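Take a look at the model below.

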Amino acid sequence: IVVNAAKSEGKISPTMWGVFFEDINMGADGGIYAEMVKNRSFEFLKPLMGWSVKGDKIKEGDLLVLNRQDAQLANPRFLRATIKDAAKGQAGLTNEGFKGGMGIKKDLEYEFSLMYRQQSPGITLHVELVDEQNNILGTGVLKPTDISGKWAKQEVNFKAGTTAAKAKMNIWFEGNGVLDMDMISLFPADTWKGRKKGMRADMIQMLADMKPGFIRFPGGCIVEGTDLANRYQWKKTIGPIEERQLIMNRWNTEFAHRPSPDYFQTFGLGFFEYFQLAEDIGAEPLPILNCGMACQFNTAEVVPLDQLDPYVQDALDLIEFANGDASSEWGKVRASMGHAEPFNLKYLGVGNENWGPQYIERAKAFQKAIKAKYPKINLIYSSGTDPDSDRFHFLDKELRTMGADIIDEHYYRSPEWFLKNASRYDSYDRKGAKVFAGEYAAHIDGKTTGSNRNIWQAAIAEAAFMTGLERNAAVVNMASYAPLFANTEGWQWAPDLIWVDNMNIYGTPNYYVQKLFSTNKGTQVASALAAGKSVSGLDGLYVSAVVDSMKKELIVKLVNTRDTEQNKQVSFEGLKLVGSEAQLTVLKGHLTDQNTIDKPLAIAPTQAALKLKGKTAALKLPANSFVMLKVSYK
Ligand code: AHR
């Protein structure tokens, strides 16, 4: 295999490898959003979902959920407790936490907070974290101090003395009085960057470690919603969290592989937080907006074309929210949330997986309005889910005709499909629309909505395919695996890139494949040829090479999909090497191997040095392996 750094086959976009975040599989609530209380504002389908009433001093009518309806549309319900002569332990409430309870850590501080209004002062709250056997893990006392009779906020911090993976929170009412409560919340102190009411740090760290070029959010099908009423509306996800109107998560529905009746989007994690996250991890923000069509797997609900304006206006306003200065209407809102500087938005997706002439008509309306006002924003359009179908070809042709900047292709297919399609982009027009491989994953059963785990066979097929993406970086400018996160206690879709439970996290073999590509993306594609041809399937091998002109490195990625070891010579041309060693990184395993909570690194990269013979590396490629070779040059 001859790798020639002098023969550049195109630039690699800094956005080449990114991540796609969606609130599926408990990705946001119960996931990266570190809130531990389920249904904190009593707005779930049933007002007391997640809560249970405790103690013999609570009689019928002592706890009521009141509904302000139109007077407080975004957050109508609150809880009223009427307590008479109760001692601690006689009248209270328990919150069960998200799937599998609350993960409580010894010596960590927790912040309990709520909004309250004292109708009749005199109730003290005793907060208690307990394990599955009711052993107390930590306690805090909150005595409401505001007596104005108006809504007030208060918090109490306390430490847990013991660890428990599946804890619950009791709130005991002591005394006499009438207390209204809303936004009852519990957050750990060890959030990402220590932000109050922030994100789960271990999950965000896994993303930061990938050094992603972009982060696509908030979905996925949740952008579209089961119906238009339940579509994602970014304006309802910003501002004070108690004013963000929650909706039922689209993955709550029977369409999900594992329906979950209590899966809601509370939007504590909203568009401001997504932009901030992108900035934190050095990724370009890539929001996707509803284009006036609900999820077509569920319904064919569309907004009539003559009523599309508010949807288009949402897109224009979002660009102003992200990029406008503090004197603009929406820039001012961003600044008031604590970010005076613009977020520098460059990419915007119009629709997720929508199709048919209806999609094209709506996409054109968005394009006309956005390009007229913001010509530099790169617009991304979806070509759907079935990359070999007539539907795909129709969309692809129409989108190219209308001059789309970037087309988003999705594929959940078998490992064999991925191997066969490693050369998919070799023939794509370099001058036309760029490609965003926005959602992909190899599914062992070959079905779109799989329930299979992340075995090495899937990851190695993706690695082989990704050499094809990298080789064609002149036309493929962005790629992201999907879905990103899953909770072992509650998921709707598998495989997924990163798995968590309340206490633990692990990257799948697919994660390590993604991370190796992403952290070694280079700046230019170099040619890597065997007998004058690209290596895409020859002897079961898939090869790509890049030059990193900033770090002065030449990086070769080789995937051996055979069940046998292969010996190959790789020679480096077109540059002066420094030293006589290459750095070798190897990911390998049996095809059915996977990582788990107990064995999180069963498949993980190992590193070694390899002596070069002049400009040549003699490589032993293990059976079913992904090998990366890195040399430095002058
Ligand atoms: O990644 C899971 C789902 O797959 C996404 O929500 C959707 O875009 C696709 O069908």
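What follows is a set of questions on the ligand shell, the sheet and one threonine.

Residues are numbered from 1 along each chain as its sequence is written. This is a predicted model, in which local features need pLDDT of at least 70, side-chain atom pairs count only at pLDDT 80 or more, and totals for chains, interfaces and linings use all residues.

Q: How do the residues of the shell around the ligand divide into nonpolar, polar and charged?
A: The ligand is surrounded by residues including Glu22, Cys221, Asn352 and Trp493. A residue is near a molecule if its C-beta atom, placed from the backbone, lies within 6 Å of it. Ala, Val, Leu, Ile, Met, Phe, Trp, Tyr, Cys and Pro count as nonpolar, Asp, Glu, Lys and Arg as charged, and the others, Gly among them, as polar. The shell divides into 5 nonpolar, 4 polar and 3 charged.

Q: Is threonine 226 buried or exposed?
A: Threonine 226 sits in the loop between helix H2 (221-224) and strand S14 (247-248). Buried means 20 or more other C-beta atoms within 10 Å of a residue's own, exposed 12 or fewer, and partly exposed in between, with C-beta atoms placed from the backbone. Threonine 226 has 24 within 10 Å, so this residue is buried.

Technical notes:
Helix = DSSP H or I, 4+ residues; strand = E, 2+ residues; numbered from the N terminus.
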